[in-house]
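Please have the sequence and the structure open while reading.

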Amino acid sequence: MIRATLAKDPREVAGMFDAVARRYDLTNDVMSLWQIRMWRRVARAAVGAAPGLRILDLAAGTGTSAVEYAADGADVVACDLSPGMVAEGRRRHPEIEFVVGDAMALPFADADFDVVTISYGLRNVQDAAAALAEMARVTRPGGRLVIAEFSTSVRPALRGLYRFYLGAALPAVGRLVSSNPRAYAYLGESIVAWPDQEALAALMHAAGWRGVGYKNLSGGIVAIHRGTLPEG
């Protein structure tokens, strides 16, 4: 099992997600108490997919968000580290272009996309700073980055309950609904170890993104971060 304290070797991360690909979306619904659907709507609005935009959806999983961006008229590439996720995505959505790729070494040309987005995957990357720099490399000047990620609750009363859920309740639910319950024990550990909203905003700025801001959802359990790549 991968633990948040380990180096997040890309092969281990890919193998973990290969094992949960078939039931991944259903399990996410249950684990989030169906809140993930609301979080996805907010992220979709932030991405602002529209005809004429080329969008890279990283950590795309089975393509749940990529399909929505395509429905909004954008040209979408779905990229994921897990070959199992990509295979399941291609099976479900053959109309979407799926690519196996590592966020730290993206298989795309410079300035290839108008928008890059990643949902609940950045904390699984071995070097988040390197990944943010790679996202900047493949984004055109003036293009945007949208990150949806678990974060730190801003409500003191909720913080203790949330940590209990991540440490005890989440693994227990995982044993009931997931084909790989150990993956969801890792999920809780990785969220607790992840930087808070301001720290992630600072990482984005250091990687070259400007106008960085974020919006808290569900009391900060999730945050949507946004940034723009400077022109010139």
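The backbone oxygen of Q197 lies 2.9 Å from a polar atom of the H225 side chain, a polar contact (a pair of N or O atoms within 3.5 Å; within protein, one must be able to donate a hydrogen and the other to accept it, and residues adjacent in sequence count only if both atoms are side-chain atoms). The model is predicted: local features need pLDDT of at least 70, side-chain atom pairs count only at pLDDT 80 or more, and totals for chains, interfaces and linings use all residues. Residues are numbered from 1 along each chain as its sequence is written, and side-chain values use heavy atoms, with hydrogens and water left out.

- H225 is found in strand β7; helices (H or I, at least four residues) and strands (E, at least two) are DSSP runs, numbered from the N terminus.
- H225 counts as buried because its relative accessibility is 1%; buried means under 20% relative accessible area, exposed over 50% and partly exposed in between (1.4 Å probe, protein chains only).
- Leaving aside residues up to four places away in sequence, H225 touches L145, V146, I147, Q197, L200, A201, M204, G213 and Y214, where contact means heavy atoms within 4.5 Å.

**Helix α9**

- The buried residues in α9 are Q197, L200, A201 and M204.
- Seen down the axis of α9, these buried residues fall within an arc of 105 degrees, so they line one face of the helix; the arc is that of the directions from the helix axis to the C-beta atoms.
- Exposed residues E198 and A206 sit on the face of α9 turned away from its buried side.
- Packing against the buried residues of α9 are α6, β5, β6 (210-217) and β7 (222-228).
- The N-terminal end of α9 is capped by D196, with a side-chain oxygen 3.4 Å from the backbone nitrogen of E198.
- Just after α9, G208 has a positive phi of about 110 degrees.

**Helix α6**

- Helix α6 covers residues 128-137, and A128, A131, L132, E134, M135 and A136 in it are buried.
- The elements covering the buried residues of α6 include β1 (54-58), β4 (113-119), β5 (139-150) and α9 (197-206).
- At the start of α6, a side-chain oxygen of D127 comes to within 3.2 Å of the backbone nitrogen of A129.
- Within α6, E134 counts as buried because its relative accessibility is 13%.
- E134 touches A103, M104, A105 and L106, not counting residues up to four places away in sequence.

**V146 in strand β5**

- V146 belongs to strand β5 and, at 1% relative accessibility, counts as buried.
- V146 and R226 are 80 residues apart along the chain, yet their C-alpha atoms are separated by 4.7 Å.
- Not counting residues up to four places away in sequence, V146 touches A43, A46, V47, V116, T117, I118, I224, H225 and R226.

**Helices α3 and α4**

- Helix α3 (residues 35-47) packs with helix α4 (residues 64-71) at an angle of about 45 degrees, and their axes are 11 Å apart; axes are lines fitted to C-alpha atoms, for helices over the stretch in contact, and angles run from 0 to 180 degrees between N-to-C directions.
- α3 and α4 are therefore oblique to each other (under 35 degrees counts as roughly parallel, over 145 as roughly antiparallel, 65 to 115 as roughly perpendicular and the rest as oblique).
- Residues R40, R44 and V47 of α3 meet T64, S65, E68, Y69 and A71 of α4.
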